[in-house]
Amino acid sequence: MTDRKRIIVALDYPTTEQAIAMAQQLDPARCRLKVGKELFTRGGPAIVETLQKAGFEVFLDLKFHDIPNTTAKAVRAAGELGVWMVNVHASGGRRMMEMARNELSQVQNHNTLLIAVTVLTSMERADLAEVGLDIEPLEHVKRLAALTESCGLDGVVCSAQEVSPLRSVISDRFSLVTPGIRPAESAAGDQRRIMTPEQALAAGSTYLVIGRPITQAENPLKSLESIEQSIAALV
């Protein structure tokens, strides 16, 4: 893979002012930024455009999950906004994902990557059982990843601990985006299935989503640089 910029910093902030202040402490040549539901609901497309004007590529992490036509139109809007990556829930099924892929392909000059969420990294087997899925998370992740690739999407979000077994059922070109990444010295927080940056890349992760270890550091850019150094031999 030629893309050496593997770190996506999660801007999990309740206000656009806080998000922009953090972005100003980072370097668009060294990372991409993730805008999630809370920040986008507060700031709308304007926050994405502000970050893009500062030189950042944006992963719009809104996890669309609706009837096929509604999801496809939302994905198209994200593509027209010029985001680097956008996602849907794979549990929305084949028709939803294929329609979203086809709608995105109609955006002129689009380069937006479309990926799918498999199983949220906060969920364990007991959580799946409570929603009617009495199955190990890994088995469900493998099933959804294979479905996502067959629908023509670019990758999936998954736990880093699931990367190695996933690589046995999907192709090398299929991107694996892994949240729940914590340097060894960081607290786990609310994530249940975590891994260090080095472990995740060695296992086969494509992109690493890292939030608090960078955004809550006394010097975020220095923390980013430290993580970069830890994975330099692997990218």
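**Entry 1: the annotated positions**

Before looking anything up, I note that UniProt positions are given in the numbering used here, that feature names are shortened, and that annotations may be inferred rather than shown by experiment. The unreviewed UniProt entry places the feature "active site" at Asp61, Lys63 and Asp66. I am reading a predicted model, in which local features need pLDDT of at least 70 and side-chain atom pairs count only at pLDDT 80 or more, while totals for chains, interfaces and linings use all residues. Residues are numbered from 1 along each chain as its sequence is written, and side-chain values use heavy atoms, with hydrogens and water left out.

I looked up Lys63 and found it in strand 3 (residues 58–64); helices (H or I, at least four residues) and strands (E, at least two) are DSSP runs, numbered from the N terminus. Lys63 counts as partly exposed because its relative accessibility is 21%, where buried means under 20% relative accessible area, exposed over 50%, and partly exposed in between (1.4 Å probe, protein chains only). Not counting residues up to four places away in sequence, Lys63 touches Lys37, Asn87, Val88, His89, Val117 and Leu120, a contact being heavy atoms within 4.5 Å.

Asp66 lies in the loop between strand 3 and helix 3 (68–81), and with a relative accessibility of 42% Asp66 is also partly exposed. Leaving out residues up to four places away in sequence, I list Thr71 and Met96 as the residues that Asp66 touches.

**Entry 2: strand 5 and its neighbours**

I then turned to strand 5 (residues 113–117), which is mostly covered, with four of its five residues buried. Which strands pair with strand 5? Strand 4 (residues 85–89) pairs with strand 5 in the parallel sense over five bridges, and strand 6 (residues 155–157) runs parallel to strand 5 and is joined to it by three bridges; two strands pair if DSSP finds at least two bridges between them. I note that Val88 stands opposite Ala116 in strand 5, and that Val117 stands opposite Val157 in strand 6.

Strand 4, helix 4 (residues 94–105) and strand 5 make a right-handed β-α-β unit. A crossover is right-handed if, with the strands pointing away from the viewer, the path from the first strand over the helix to the second runs clockwise.

**Entry 3: the nonpolar cores**

For the cores I used this rule: a nonpolar core is a set of buried Ala, Val, Leu, Ile, Met, Phe, Trp, Tyr and Cys residues joined through side-chain atoms within 4.5 Å. Which members of the largest core touch the most other members? Of its 49 residues, these are Leu26, Leu33, Leu60 and Val88. The largest share of this core, five residues, comes from helix 2 (residues 37–53). A second, separate core has 13 residues, among them Met123, Cys158, Leu166 and Ile170.

I also looked up Cys31, which lies in the loop between helix 1 (16–23) and strand 2 (32–35). Is Cys31 buried or exposed? Cys31 counts as buried because its relative accessibility is 0%. Beyond four places in sequence, Cys31 touches Lys5, Ile7, Val9, Leu26, Phe56 and Leu224. Cys31 and Phe56 are 25 residues apart in sequence and 7.8 Å apart in space, C-alpha to C-alpha.

**Entry 4: the salt bridges**

A salt bridge here is a side-chain nitrogen of Lys or Arg within 4 Å of a carboxyl oxygen of Asp or Glu, and by this rule the count comes to 16. Glu225 forms one with Arg30, the closest N and O atoms being 3.0 Å apart. That pair links distant parts of the chain, since Glu225 is in helix 10 (residues 220–231) and Arg30 is in the loop between helix 1 and strand 2, 195 residues apart.

A contrasting case is Glu98 with Arg94, whose side chains meet in a salt bridge (3.1 Å, N to O); both lie in helix 4, four residues apart, about one turn of the helix.

Finally, I noted that the side chains of Asp134 and Arg125 meet in a salt bridge (2.9 Å, N to O). Asp134 is exposed because its relative accessible area is 60%, whereas Arg125, at 34% relative accessibility, is partly exposed. Elsewhere, salt bridges that share partners join Asp3, Lys5, Arg32 and Glu57 into one network.
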